Amino acid sequence: MINVLERITHFRNLKGWTEYQLAEKSGLTQSTISSWYRKNMIPSIPSLEKICTAFGITLSQFFADESDTFALTDLQKKFIIESNRLTPQQQAALIQFFQTL
């Protein structure tokens, strides 16, 4: 079974965000997020949806393990479509750019 708090931490670390930054980007309070960890509580679905929106992922992506396939958001689909128009060198440059963010 997936540990929701570990998963939030995983995605937060991928972004390089603190709990405070996640709170700002999700519209939740930092005290709410930190209380989940202190009390080992699972966030509500509406709160988890806000967290996923901040991460730019869907709920299915949040719960998918690395071997699962999952649906892309409309924005992710647009990135893929647009990146297919680039040359391989431009695609490599774009990936490098994303890695610096």
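Mentor: Start with a term: contact means heavy atoms within 4.5 Å. Residues 24 or more positions apart account for 43% of the chain's contacts with a separation of 6 or more. This is a predicted model, where local features need pLDDT of at least 70, side-chain atom pairs count only at pLDDT 80 or more, and totals for chains, interfaces and linings use all residues. Residues are numbered from 1 along each chain as its sequence is written, and side-chain values use heavy atoms, leaving out hydrogens and water.

Trainee: How many helices and strands does the chain have?

Mentor: Seven helices and zero strands. These are DSSP runs numbered from the N terminus: helices are H or I, at least four residues, and strands are E, at least two.

Trainee: At what angle do H1 and H4 cross?

Mentor: Roughly 20°, and the axes of H1 (residues 4-15) and H4 (residues 45-55) come within 11 Å. Axes are lines fitted to C-alpha atoms, for helices over the stretch in contact, with angles from 0 to 180 degrees between N-to-C directions. H1 and H4 are therefore roughly parallel (angle under 35 degrees).

Trainee: Which residues of H1 and H4 make the contact?

Mentor: Val4, Ile8, Phe11, Arg12 and Lys15 of H1, with Leu48, Ile51 and Phe55 of H4.

Trainee: Switching topic, what does tryptophan 36 touch, leaving aside neighbours within four places in sequence?

Mentor: Tryptophan 36 is in contact with Leu5, Ile8, Leu28, Met41, Pro43, Ser47 and Ile51.

Trainee: And how much of the chain is buried?

Mentor: Of its 101 residues, 28% count as buried, meaning under 20% relative accessible area with a 1.4 Å probe, protein chains only.

Terms used
Parallel < 35°, antiparallel > 145°, perpendicular 65-115°, else oblique. Buried < 20%, exposed > 50% of the residue type's maximum accessible area, 1.4 Å probe, protein only.
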